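Here is a short briefing on one protein model. Please look over the chain before reading on.

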Amino acid sequence: MLTGKQKRYLRSLAHHLDPVFQVGKGGVNEHLIRHIEEAIEKRELMKVSVLNNCAEDPKEIGSELAEQSGSELVQVIGKTIILYKESRDNKTIELPR
């Protein structure tokens, strides 16, 4: 679990990032989860945007993506989801204590 301080720090880092994936009317599926797992291992921190044609709630999608990909949900703001997972091989982000 991330502390409030760590989430604030990650939000500041994610502010300048562009969304890597988009969730559309197909919703969350195995294919999307697999791609997120691969990308988050390389990046550690990523944004996912929820398109307007998606019927599901972005908060529910965020928690579902985090749970299935084994990552931490940093924030859901509007239709943008921020995910973090510490990389095993490409660790670049040093979290504050």
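The points below cover a helix crossing, a loop residue, a strand residue and the salt bridges.

This is a predicted model. Helices H2 and H3 cross at roughly 65°. Two salt bridges turn up in a search of the whole structure, which finds 2. One of them joins arginine 88 to glutamate 41.

**Helix crossing**
- The axes of H2 and H3 (residues 58–69) come within 10 Å and cross at roughly 65°.
- H2 is therefore roughly perpendicular to H3.
- The crossing of H2 and H3 is right-handed.
- On the H2 side, Leu32, Ile33, Ile36 and Glu37 make the contact.
- On the H3 side, the contact residues are Leu65, Gln68 and Ser69.
- By class, the residues of this contact divide into 4 nonpolar, 2 polar and 1 charged.

**Glutamate 44**
- Glutamate 44 sits in the loop between helix H2 (30–43) and strand E2 (45–50).
- Its phi is positive, about 75°, although the residue is not a glycine.
- Most residues other than glycine have a negative phi.
- Glutamate 44 has a relative accessible area of 0%, so it counts as buried, the cut-off being under 20%.

**Isoleucine 82**
- Isoleucine 82 lies in strand E4, which spans residues 80–84.
- Its relative accessible area is 4%, so isoleucine 82 is buried.
- Leaving aside residues up to four places away in sequence, isoleucine 82 touches Ala14, Leu45, Met46, Lys47, Glu72, Leu73, Val74 and Gln75.
- Lysine 7 is 75 residues from isoleucine 82 along the chain, and their C-alpha atoms are separated by 10.0 Å.

**Salt bridge: arginine 88 and glutamate 41**
- The side chains of arginine 88 and glutamate 41 meet at 4.0 Å, N to O.
- This pair links distant parts of the chain, 47 residues apart.
- Arginine 88 belongs to the segment after E4, and glutamate 41 to helix H2.
- Arginine 88 is exposed, at 68% relative accessible area.
- Glutamate 41 counts as buried, because its relative accessibility is 14% and the cut-off is under 20%.

**Salt bridge: lysine 91 and glutamate 86**
- Lysine 91 forms a salt bridge with glutamate 86, and their closest N and O atoms are 4.0 Å apart.
- Lysine 91 has 39% relative accessibility, so it counts as partly exposed.
- Glutamate 86 has 46% relative accessibility and also counts as partly exposed.

Note on methods:
Residues numbered from 1 in each chain as written. Predicted model: local features only at pLDDT ≥ 70, side-chain atom pairs only at ≥ 80, totals over all residues. Heavy atoms only, no water. Helix = DSSP H or I, 4+ residues; strand = E, 2+ residues; numbered from the N terminus. Buried < 20%, exposed > 50% of the residue type's maximum accessible area, 1.4 Å probe, protein only. Contact = heavy atoms within 4.5 Å. Axes fitted to C-alpha atoms, helices over the stretch in contact; angles between N-to-C directions. Parallel < 35°, antiparallel > 145°, perpendicular 65-115°, else oblique. Left-handed = near helix turned anticlockwise from the far one by under 90°. Nonpolar A, V, L, I, M, F, W, Y, C, P; charged D, E, K, R; others polar.
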